[in-house]
Amino acid sequence: MGHACQSDGIEPLPVLEDNIVWIWTRGKEAVVVDPSVAEPVAEWIEERQLILRAVLQTHHHADHIGGTPDLLRQWPTAAVIAASADRTRIPFQTVSIEPEMQLEVLGQPVTVIDVKAHTRAHLAFVLPQGSSTDHPTPVLFCGDTLFGAGCGRLMEGSPEDMHLALQRFENLPDETLVHCAHEYTEANLRWAHALRPDDQAIAERLSSVSELRRRGGLSLPSTMGEERRTNLFLRACSVEELRDLRLHKDSWRG
């Protein structure tokens, strides 16, 4: 299944209980995605003698922005790229962006996608593939919108919002590498398998991920193709189906 593979120049840094800080490097420069804490991120960057150039913030929750102020004290010229709609909740942002903007980060194109649902100003970032990029396959940083075999809780949005947010990933090819902000895959698959015990694709992914996690590996990044096959929220055909799945998952104690 290839769970352990990573896109060139993007490394996972597990922190806290289940957060993953993604660090994108190019040459001697680094970009950090959703740094919940600063110290392990700073150590990782310093060990490799890199310079922090930017922080990408998908949303305002403390376990995604908590490390940014301390990183800025160490690298005060680093850009903090965040939603202009979250200026009051991410007050240290220096590059305020709108959905559907096209950015250049580390000399590479980055597309901003509006995925408000988990929060009212949640963004996702896509590094497309192409002759002008370093990425042989597209890369998605989706924060808490899409998880391995799951989706984010509806903290400020509605089932309609989440259904639309997930549809906005429809144009991403199956090989797109999905960089979620939390290692929830095994728990999500256990829930999905309990709900769909005869689904072979879910059962096979659960077996593979459980073995990988038992050996201390990460299940991420996954791929959009894998999520389309095994993620019940992505497979939901209607808002009503997604709403029912979200309610069931929120109350599940398996």
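At what angle do helix H4 (residues 159-167) and helix H9 (residues 239-251) pack?

## The H4–H9 contact

H4 and H9 cross at about 110 degrees, and their axes are 9 Å apart. Axes here are lines fitted to C-alpha atoms, for helices over the stretch in contact, with angles from 0 to 180 degrees between N-to-C directions. The pair is therefore roughly perpendicular, the label for 65 to 115 degrees. On the H4 side, Pro-159, Glu-160, Met-162, His-163 and Leu-166 touch Val-239, Leu-242 and Arg-243 of H9 (contact means heavy atoms within 4.5 Å).

## Ground rules

This is a predicted model: local features need pLDDT of at least 70, side-chain atom pairs count only at pLDDT 80 or more, and totals for chains, interfaces and linings use all residues. Residues are numbered from 1 along each chain as its sequence is written, and side-chain values use heavy atoms, leaving out hydrogens and water.

Helices (H or I, at least four residues) and strands (E, at least two) are DSSP runs, numbered from the N terminus.

## The sheet

Six strands form an open sheet in the order S1-S2-S3-S4-S5-S6, with mixed pairing; two strands pair if DSSP finds at least two bridges between them. Strands S1 (10-15) and S6 (95-97) each have a single partner strand, so one side of each lacks a neighbour in the sheet.

S1 runs antiparallel to S2 (residues 19-26), with six bridges, and Leu-13 sits opposite Val-21. S3 (residues 29-33) and S4 (residues 51-56) run parallel, joined by five bridges, where Glu-29 partners Ile-51.

How values were computed: Angles under 35 degrees count as roughly parallel, over 145 as roughly antiparallel, 65 to 115 as roughly perpendicular and the rest as oblique.
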